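Student: I would like to go through this structure term by term. Please set each label against its cut-off.

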Amino acid sequence: GDPIGSALFTLTETSTTATAVNMDGTSGVLIMVEIDNTGNSVASYLNLYDAGSATAGTTNEEFVFMAPASTRITYACPEGAVYGTGLTGAIVSTPGSAIGPTSAVTAYILVST
């Protein structure tokens with residue numbers, strides 16, 4: 001059968017100053033996101049930007065996924081969520097901020113390009 005996605009990106013934030021990382025420089029479709037926030041006693045957020053580059057805390061997010069405290073959570077986009085310019089991501093402790101989580105958080109982002 002056909003594959004579910006064509007690329008899997010891994011984004012890990014280990015600093016309390018969030019850094020936006022470009023994962024895909026072309027258009028595509030977001031299929032699924034998994035966030036491992038098991039190391040934090042508070043929620044963390046994966047911000048995804050429809051952009052070739054972004055600055056956490058400054059650039060407006062296209063998608064925001066919340067991972068509750070001490071959990072690993074998966075979000076599926078059955079119809080797919082289109083991004084047109086590129087895909088850049090940052091993991092933060094508060095939506096819209098540039099403050100990273102206290103402990104490491106890893107996100108896995110499955111896309112079709």
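**Salt bridges**

Tutor: Start with Asp-36 and Arg-72, whose side chains meet in a salt bridge at 3.4 Å, N to O. The model is predicted: local features need pLDDT of at least 70, side-chain atom pairs count only at pLDDT 80 or more, and totals for chains, interfaces and linings use all residues. Residues are numbered from 1 along each chain as its sequence is written, and side-chain values use heavy atoms, with hydrogens and water left out.

Student: Why is the contact of Asp-36 and Arg-72 called a salt bridge?

Tutor: The term needs a side-chain nitrogen of Lys or Arg within 4 Å of a carboxyl oxygen of Asp or Glu. Here the N to O value is 3.4 Å, so the pair qualifies.

Student: What makes it a link between distant parts of the chain?

Tutor: Asp-36 lies in strand β3 and Arg-72 in strand β6, 36 residues apart. Strands here are DSSP runs (E, at least two residues), numbered from the N terminus.

Student: How do you know whether Asp-36 is buried or exposed?

Tutor: Buried means under 20% relative accessible area, exposed over 50%, and partly exposed in between (1.4 Å probe, protein chains only). Asp-36 has 18%, so it is buried. Glu-34, at 24%, counts as partly exposed. Arg-72, at 46%, also counts as partly exposed.

**Aromatic pair**

Student: How many aromatic pairs does the search of the whole structure find?

Tutor: It finds one. Phe-65 and Tyr-75 form it, 5.2 Å centre to centre, with 50° between the planes.

Student: Why is this pair called tilted?

Tutor: Rings of Phe, Tyr and Trp (its six-membered ring) pair if their centres lie within 6.5 Å; planes under 30 degrees apart count as stacked, over 60 as edge-to-face and the rest as tilted. The planes here stand at 50°, so the pair is tilted. Phe-65 is in β5 and Tyr-75 in β6, 10 residues apart. Phe-65, at 10% relative accessibility, counts as buried. Tyr-75, at 25%, counts as partly exposed.

**Cores**

Student: What makes a set of residues a nonpolar core?

Tutor: They are buried Ala, Val, Leu, Ile, Met, Phe, Trp, Tyr and Cys residues joined through side-chain atoms within 4.5 Å. The largest such core has 20 residues; Phe-65 and Ile-109 are among those with the most contacts inside it. Elements giving two or more residues include β1, β3 and β4. β8 gives the most, with four residues. A second, separate core has eight residues, including Tyr-45 and Ala-90.

**Sheet**

Student: Which strands form the open sheet, and in what order?

Tutor: Four strands, in the order β2-β7-β4-β5, with antiparallel pairing.

Student: Why do β2 and β5 stand at the edges?

Tutor: Each has a single partner strand, so one side of each is left without a neighbour in the sheet.

Student: How do you know that β4 and β7 pair?

Tutor: Pairing requires that DSSP finds at least two bridges between the strands. Five bridges join β4 (residues 44–49) to β7 (residues 87–92), so they pair. Asn-47 stands opposite Ala-90 in β7.
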